[in-house]
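Welcome! Let us walk through this structure together, one part at a time.

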Amino acid sequence: MQYQSQSVAKPYFIAAIGLFVGQILFGLIMGLQYVIGDFMFPEIPFNVARMVHTNLLIVWLLFGFMGATYYLVPEEAERELFSPLLAHLMFWIFLIAGALTVLGYLLVPYATLAELTHNELLPTMGREFLEQPTITKLGIVVVALAFLFNIGMTILKGRKTAISLVLLIGLLGLAVFFLFAFYNPDNLAKDKYYWWFVVHLWVEGVWELILGSILAFVLIKTTGVDREVIEKWLYVIIAMALITGLVGTGHHFYWIGTPEYWQWWGSIFSALEPIPFFMMTVFAFNMVNRRRRNHPNKAAVLWAMGTAVMAFLGAGVWGFMHTLAPVNYYTHGTQITAAHGHMAFYGAYVMIVLTMISYAMPMLRGREAAPSVRSQVLEMWSFWLMTVSMVFITLFLTGAGILQVYLQRFSDNPLPFMVAQDKVELFYWMREVAGVVFLIGLIVYIASFFVGSRDPEPVAGAVEPAAAA
Amino acid sequence: MSNAKLAIFLPFVESARVVSMNEKETIVVDTASAGVAAPDALVRYPPGDLAIWIFILAELLVFGVFFSSYAFNRMNHVELFNQYQATLDRDAALINTLALLTSSYFVIRGVVAAREGNNRLCAHWIWGAVAMGGVFLVVKSAEYSHHIGAGISLSTNEFYMFYLSLTFFHFMHVILGMVILAAVAVKAGQGGYSREDHVGVETGASYWHMVDLVWLILFPLVYVMR
């Protein structure tokens, strides 16, 4: 660790992993509720489990992004963080606000939570993924502003690199687009329209900048390839991500009462969204092939390459599958969407946060550059367990989705929703099994932090000519 | 495992090796484009940075998809497209075509000047190209204000939807191209290029030619062809 203040990243990473476990547990509960409808009812109804599953995902990814930023920015800016104290303070505020919100979801009915938090003063509750009470949303804004101030001042006073600037633009965009969470028009079409300004422009817009810059940072550090080369790729990738991602918002505007031209705009631009992800895959593999050194932290390199591949598959390929308006006409809101959501979030954002944790955690825990061999072996096991089980979750949900589309919307005698759901039960069972394997992978991942802590560091090797292939 | 069984795997092994060789080739190509002056900078192909070519190809793909969508849509509404195509100002579009062609010529002169190590001359030509881009923006804006004044929007009909979308998307590219050229011109003005290293000029020039090229397809497609 080059700068003392980078250590503020550690609690953020630990909290992220902790909430990740919570997210997966609720995912398993909900997965079971797909087939055993009254499982854990009335304590945890399906809608609550779903809310907790998705909200925890967003919150722990935000913890991960913030931790990654706190680790990355001092090193890029070549100076200590502007205010480590502020970073620590914001950590506790965010964690406590997040915990209280989840407890609120679990302990009282949602309507009561709305009353308790005086939602009527500024109604923002009740929208998918943005269910947080208004007070929590305000808290998020405060935390985001303090965070941006802290990071912005650090970058402003230090060295400005393409990586830190792209990251800052991404984080700024994240904060700005979140403000649409406070705009809650009565007109349902408008409501949905602006809701996507948060949801889509986050994951298919500004988050991609965050993803790109963190990936570029880890690749510079682990491969030793010239910064100049990596930054050039970063620029091309984010330019493409923004062009396709911003206008690509239109693929959510097909059937919500917006003008018809969105079917063209949305189809054309979102169909090209896989391109930047494909470039990212080429980029990651190219950089690793051209590496100047063999970094001793092989697990981190594995995560980085895994991110590029899985983001392309999950966000790129699975997104393309149902993005064209004539296809989406049938698949909209079915299990196809769920399949895409799972692999895209895991491949792009879960994996990039785990990449950064994998790279930074050894230094944060006082090691030179890498965990012990035993720990890395375990971590790579967890990589494969989680990644392969996520591929299966996605495939099973895709199977369920295709069948659902056919039975419920495409066949000559369309079945009602719940009848169709009964018919795809087998896929849900298999998805649940894959989910259990994912949880095992996650447990192995956590165990890897506690194994071989006292073992010596693996040695960094020079690149042999043959190794470049 | 018997030899015969092994042989089944051989083609796979061989093809795997070919793939890895290709990767090495990519590496070689990439190294040449690392942005540092290569000794053979004058004859290098493609000109400019490899990264801009990846970007150019991706952009051409976007426009290509857009043009095909236009073509397929026109097939179904030939009469509507012909009727409203007549409302467009072809003279303005012709002026714009000439403006972009002239700008591309200026850019070429700029590249030639840079190759000779003449930064001052290079900057003059590139600024000239930026100015012609400005002409394009003014003329196109006048066209837009005419359409908006007539109450035309994306929802008016299929033809206007495509006309406005395509030309506006290209309009944004002209602006981006001008920004890139301006950056090149500023650097040239500061004496930032040399006979050995002028990759930046060629990079900007390549992008600008792409913007011009797209218009050369867009103009006949949307304004002229019946």
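Predicted model: local features only at pLDDT ≥ 70, side-chain atom pairs only at ≥ 80, totals over all residues.

Residues are numbered from 1 along each chain as its sequence is written, and chains are lettered from A and ligands numbered from 1 in the order in which they are written.

Start with chain B, which has 7 helices and 0 strands (DSSP runs numbered from the N terminus: helices are H or I of at least four residues, strands E of at least two). Of the 226 residues in chain B, 31% are buried, that is, 20 or more other C-beta atoms, placed from the backbone, lie within 10 Å of their own.

Now turn to chain A, where helix 6 (residues 162-178) and helix 7 (residues 188-223) have axes that come within 8 Å and cross at roughly 160°. The axes are lines fitted to C-alpha atoms over the stretch in contact, with angles from 0 to 180 degrees between N-to-C directions. Helix 6 of chain A is therefore roughly antiparallel to helix 7 of chain A (the term covers angles over 145 degrees).

Finally, look for V353(A) and I126(B): they touch the most other members of the largest nonpolar core, which has 200 residues. Such a core is a set of buried Ala, Val, Leu, Ile, Met, Phe, Trp, Tyr and Cys residues joined through C-beta atoms within 7 Å. Leaving aside residues up to four places away in sequence, V353(A) touches A16(A), L61(A), G64(A), F65(A) and A68(A), where contact means C-beta atoms, placed from the backbone, within 7 Å.

Definitions and conventions:
Buried ≥ 20, exposed ≤ 12 C-beta atoms within 10 Å, placed from the backbone. Contact = placed C-beta atoms within 7 Å. Parallel < 35°, antiparallel > 145°, perpendicular 65-115°, else oblique.
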